[in-house]
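Here are my notes on how the two parts of this chain meet. Have the structure open while you read.

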Amino acid sequence: MSIKSFAARIFASHIRKKIDKWAGNPHETQQKVFEELITKARNTRFGKDHGFCEISSHEDFIKKVPVRDYEELKEYVDMMVEGLEDILWPGKPLYYAKTSGTTSGAKYIPLTKESMPTHINAARNAILCYIADTGKSKFVDGKMIFLQGSPEMDEKNGVKLGRLSGIVAHYVPGYLQRNRMPSWETNCIDDWETKVDAIVDETLKEDMSVISGIPSWVQMYFERLIDKTGNKVGEIFPNFDLFIYGGVNYEPYRSKFETLIGRKVDSIELYPASEGFFAFQDKQDVKGMLLQLDSGMFYEFIKAEEFYSEDPQRLLLKDVEEGVNYVMLISSSAGLWAYNIGDTVQFTSTKPYRVIVSGRIKHFISAFGEHVIAKEVEEAMQDAVAETGAEISEFTVAPQINPEGEQLPYHEWFIEFEQEPEDLNRFAEIIDRSLQKQNSYYLDLIEGHILQRLKITRIPRNGFQDYMKSIGKLGGQNKLPRLSNDRKIADQLKEII
């Protein structure tokens with residue numbers, strides 16, 4: 001065992017004890033975070049506008065601070081981007097994480113000197129918890145690759161801005177710099193396909209032990225490696241034993257990855273976003289990710305089914321239940337207040353608090369009142385893959401409201417198969433049966449002959465990559481929505497077909 005590997009085990013044990021302490025006292029930890037946030041921001045523009053000096057309880061906070069998304073907070077962010085200080089948080093931010101996808105164009109999410117370390121520490125602690133949980137630390141001696149956005153940044157009124165993954169690249173600790181791949185020059189390549197080819201060339205002869213990224217883009221990297229060498233990824237990198245991912249559910253990709261690698265490898269799931277690093281998988285044999293309660297973030301939850309009602313109840317951790325779909329709100333040391341990040345989560349455990357991401361509050365299908373969510377379509381796909389041995393590269397789902405002729409409407413599943421099932425009809429039946437089991441509204445619509453059984457549309461090889469490229473979102477941290485309540489994506493995919 002190397003000195004670095006031995007030291008990693010000692011440090012992992014130390015960090016695990018610290019995590020267990022706050023995880024074992026969740027409500028006290030969150031109350032402390034809440035009080036610190038309110039006190040710190042009391043004299044900001046937002047704090048004065050919302051009477052922070054009069055807030056001493058969660059009930060006060062609810063009365064004075066309404067739920068907002070980015071569009072509703074934008075007037076404050078615009079003041080900050082213009083160069084004003086003490087707006088959402090004391091002083092100026094260190095960075096803006098620039099993201100897209102809103103009705104008004106780019107979003108600028110502030111990262112402050114208080115919030116930035118929470119991103120870095122959570123990523124580090126996820127790996128340390130893995131070491132503490134498994135006793136495996138040899139991988140720290142090998143090379144590690146992080147498929148991420150360019151670290152190059154622009155500047156607005158004295159504050160640097162860029163993609164979150166590119167900003168984080170500036171914070172890789174010194175003891176990992178020699179192990180880190182790809183090179184800085186390669187990481188700065190903007191065109192994703194050119195970048196992946198360069199990464200393949202750089203890593204082919206290296207001793208890769210850890211590979212990290214969004215599964216769909218890591219899959220592209222793996223396929224390029226195999227195309228170039230004719231060997232499985234596990235043969236190219238015999239010491240590759242740990243895959244770290246976030247952004248999407250890995251399960252639909254798992255069988256495909258095991259085929260590409262040629263064997264099983266351990267994995268760690270992360271839940272990072274520009275707005276905060278919310279959770280990570282801390283145990284290999286337990287479902288869900290540990291919610292980060294001691295990272296400068298105060299959490300509230302609204303039941304998804306109540307979210308669009310006139311006065312939905314904002315719940316604290318002590319009020320949540322396992323298996324219920326919640327919209328997660330955060331207030332943070334980045335200056336976000338009762339902020340709707342757009343995700344829905346479900347708790348898999350409340351001792352300690354662990355979550356899975358169940359979807360996006362705006363990403364669902366309810367064209368007929370069924371309210372099918374991402375978690376349900378992903379589990380249905382997993383069931384079909386497990387029963388048939390099929391392998392998929394990617395998929396998305398949309399409603400078909402007005403089919404030709406006198407057919408009943410249906411859900412259309414667009415699937416790119418790596419290995420098709422022997423019987424596609426049976427594959428569709430398994431998915432449909434699983435959805436009916438999970439979602440009683442969908443079951444009622446099928447049994448009531450309002451909907452007919454789902455239909456599958458095959459997407460040609462690399463079709464989803466072509467679609468993402470066509471909308472300027474190939475690679476990086478971009479993700480394909482699992483499902484939509486309209487035909488926008490579906491119609492563009494039809495054009496590709």
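1. Seven residue pairs are in polar contact between domain 1 and domain 2, with both residues at pLDDT 80 or more. A polar contact here is a pair of N or O atoms within 3.5 Å; within protein, one must be able to donate a hydrogen and the other to accept it, and residues adjacent in sequence count only if both atoms are side-chain atoms.

2. On the domain 1 side, α10 (192-203), α11 (215-229), α13 (251-261) and β15 (353-360) each bring at least two residues that touch domain 2. The largest share, six residues, comes from α13. Helices (H or I, at least four residues) and strands (E, at least two) are DSSP runs, numbered from the N terminus.

3. Keep in mind that this is a predicted model: local features need pLDDT of at least 70, side-chain atom pairs count only at pLDDT 80 or more, and totals for chains, interfaces and linings use all residues. Residues are numbered from 1 along each chain as its sequence is written, and side-chain values use heavy atoms, with hydrogens and water left out.

4. Two salt bridges link domain 1 and domain 2 (a side-chain nitrogen of Lys or Arg within 4 Å of a carboxyl oxygen of Asp or Glu). Look also at Lys256 and Glu418, whose side chains form a salt bridge at 2.8 Å, N to O.

5. As for contacts (heavy atoms within 4.5 Å), 30 residues of domain 1 touch 27 residues of domain 2. Trp217, Pro252 and Lys256 supply 23% of the area that domain 1 buries against domain 2, more than any other three residues. Buried area is the accessible area (1.4 Å probe) that two parts lose on being put together, summed over both.
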